Amino acid sequence: MSLYERFEQAFMPNYGVPPIALARGEGTQVWDVDGRRYLDFIAGIATSSLGHAHPAVVDAVSRQVATIAHTSNLFLHEPEVLLAERLLGLLDGPARVFFANSGTEANEAAYKLALKYGRREGRSYFVAAENGFHGRTIGALSLTGKPSIRDQFGPFPVDVRFVPYGDADALKEAVTGDCIAVFLEPTQGEAGVVPPPDGYFEAAREICDSTGALLVADEIQSAIGRTGHWFAHQAEGVTPDILTLAKGLGGGLPIGACVGFGDAGKLFEKGDHGSTFGGNPVSCAAALAVLDHVDLDHVRSAAARLRDGLEAVRHPLLQKVRGRGLWLAAVLTEPVAARAQQAAADAGFLVNAVQPDALRIAPPLVVTEDDIDAFLAAFPAVLQEAAK
Ligand SMILES: *Cc1c(COP(=O)(O)O)cnc(C)c1O
């Protein structure tokens, strides 16, 4: 029996059977179980920031696991303190951190933090964006604006009202003095790497300031250099009240973080929240290595090369390129992204059909000029194959 058949028999069908079984990786390359080599232009969904088996991550994780791998929150340890301090040093203004293990858990922490605020202030509902994605656990799912994955698991404990993403007037109308918090991605990832119009985040900040609602920036996919900034909100000139992180932070090791700025960092009282594995020493060591080795100048120059190259492609299937930094979508004129993903894999490149008409391109942040040129050289033929 093949690995694929064994997967199908052993696992719940929630993922279907993924088309490629990966065996190992090195830098921006990965190999499948049959020894086929691919250039990785998706990085485990914008997660493997330093690519695969980066020596600094390998070294940090190996040392840490051989020193102490787990303490629980009954005991503190130095890597978590170092990591919290490093993150706060990259952020603006006084803030406090909570560590979780994943994106959805980071958002659960944000949700509970906001609820504490809402209960104290007598506020009753959340606002989030249509097509937004915040995770699969019940709290984060309730904020997720995708009826196909959300509705069958409702009703949810708190009223969440959805507004079209990028429409500041709709946001203004939806957010009253009764609103607890507004959850927004600075660019919507799962919706197909969709940046908002200029000024949208600033408008969201103003709307929250004038109504007293908290602004929660879900930067689980957009942070840690992905857009060419440590955090996407920094490019908007806006500081949220609560920030959530995960994907790229651990460079492939599981870690999530919820940051509360100012008073929002002090809402939890002793006993209000916790996680046994959250902020475990091994994941913190990996994250510290990531923060040491992400090079924003490199991200920006690589991003410009990739974007310019993609925008220079003339093909009837390619409608446009959108996104930020090393986080782009090739928007197609036909809903054949799945075929384009397959054609790319056949040509030796991993990308992701994030929407029926959008191909997500998010290489490791250490992607080289040669990697980019190889991808760009292959891309027209990939489109041609998908168009057949
Ligand atoms: C991936 C993602 C999540 C969920 O993260 P998990 O680690 O899969 O739970 C939440 N929000 C955004 C914006 C994401 O991209």
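Mentor: What follows describes the annotated residues one after the other. This is a predicted model, in which local features need pLDDT of at least 70 and side-chain atom pairs count only at pLDDT 80 or more, while totals for chains, interfaces and linings use all residues. Residues are numbered from 1 along each chain as its sequence is written, and side-chain values use heavy atoms, with hydrogens and water left out.

According to the unreviewed UniProt entry, the annotation "binding site" covers Arg136 and Ser275; such annotations may be inferred rather than shown by experiment.

Arg136 sits in the loop between strand S5 (125-129) and helix H6 (138-142); helices (H or I, at least four residues) and strands (E, at least two) are DSSP runs, numbered from the N terminus. Its relative accessible area is 55%, so Arg136 is exposed (exposed means over 50%, buried under 20%, partly exposed in between, with a 1.4 Å probe and protein chains only). Beyond its neighbours within four places in sequence, Arg136 is in contact with Thr104, Leu141 and Ile149, where contact means heavy atoms within 4.5 Å.

Ser275 lies in the loop between strand S10 (256-261) and helix H11 (281-293). Ser275 counts as buried because its relative accessibility is 14%. Not counting residues up to four places away in sequence, Ser275 touches Asn73, Phe98, Phe99, Asn101 and Glu105. With one of these, Asn101, the side chain of Ser275 makes a side-chain polar contact at 3.2 Å (a pair of N or O atoms within 3.5 Å; within protein, one must be able to donate a hydrogen and the other to accept it, and residues adjacent in sequence count only if both atoms are side-chain atoms).
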